[in-house]
Amino acid sequence: MDGIPDVTGSGLRVLFCGINPGLMSAETGHHFARPGNRFWPALHLSGFTPRQLQPVEQQELLTYRLGITNVVDRPSAKAAELTRAEFVAGGENLVKKVLDIQPEWLAVLGVTAYRDAFGERTAAVGKQDRMIGATRVWILPNPSGLNAHYTLPKLAAAFAELRLAAGT
């Protein structure tokens, strides 16, 4: 199984960056396709979209100047199956994508993925000092249903902080 295509374009306000495609996402070709994933509900509840989009509607994100990519392209059942080398290589590829696309913000969905990809061991959720070209960087909690520490209301609140910072 290969990765899934990015949802990107020019003039993006926020490029959301998942860790890697889950098996269901790889099978369907849609980001955050597993029903237990809270990305789509958090995106809506935070005010990024006027209604909750379904994974099959992912291209509609572009009308809101939003996009999606992943740190690592290789699908897996759990992010824990990925190697540190895959994260480092994924971080390097992500920098190239961001420099090419030039979104206003890069939002990495998962603090551990960010730490592993960029070697910043003390990074925390929220705005980062790092910039990639002119792109500002924000870390959001991983919306996977496996991340029980963050309830949907807490996820939506974290997404809303970014939305306000991004002026959307």
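Q: What is an axis here, and how do its angles run?
A: An axis is a line fitted to C-alpha atoms, for helices over the stretch in contact, and angles go from 0 to 180 degrees between N-to-C directions. Contact means heavy atoms within 4.5 Å, and a helix is a DSSP run of H or I with at least four residues, numbered from the N terminus. This is a predicted model, where local features need pLDDT of at least 70 and side-chain atom pairs need 80 or more, while totals for chains, interfaces and linings use all residues. Residues are numbered from 1 along each chain, and side-chain values use heavy atoms, leaving out hydrogens and water.

Q: Why is H3 called roughly perpendicular to H4?
A: The axes of H3 and H4 cross at roughly 85 degrees and come within 7 Å. Roughly perpendicular covers 65 to 115 degrees (under 35 is roughly parallel, over 145 roughly antiparallel, the rest oblique), so H3 is roughly perpendicular to H4.

Q: Which residues make that H3 and H4 contact?
A: From H3 come Arg84, Phe87, Val88, Gly91, Leu94 and Val95, and they meet Ala113, Asp116, Ala117 and Phe118 of H4. They split into 7 nonpolar, 1 polar and 2 charged. Asp, Glu, Lys and Arg count as charged, Ala, Val, Leu, Ile, Met, Phe, Trp, Tyr, Cys and Pro as nonpolar, and the others as polar.

Q: What makes H4 "mostly covered"?
A: Buried means under 20% relative accessible area (exposed is over 50%, partly exposed in between, with a 1.4 Å probe on protein chains only), and 6 of the 8 residues of H4 are buried. Those are Val111, Ala113, Tyr114, Asp116, Ala117 and Phe118. Their cover includes helix H3 and strands E3, E4 and E5, a strand being a DSSP run of E with at least two residues.

Q: Is Leu99 buried, exposed or partly exposed, and how do you know?
A: Leu99 sits in H3. Its relative accessible area is 44%, so Leu99 is partly exposed. Leaving aside neighbours within four places in sequence, Leu99 touches Ile132 and Gly133.

Q: What makes something a pocket, and how much volume does the largest pocket have?
A: On a 1 Å grid over the protein atoms alone, a pocket is an open set of points where a 1.4 Å probe fits, with protein on both sides within 12 Å along at least five of seven lines; lining residues have an atom within 4 Å of a point. The largest pocket has a volume of about 820 Å³, the space filled by probe spheres set on the points. Of its 38 lining residues, Ile19, Asn20, Ala79, Asn142 and Ser144 are closest to the centre. H4 gives the largest share of the lining, 4 residues.
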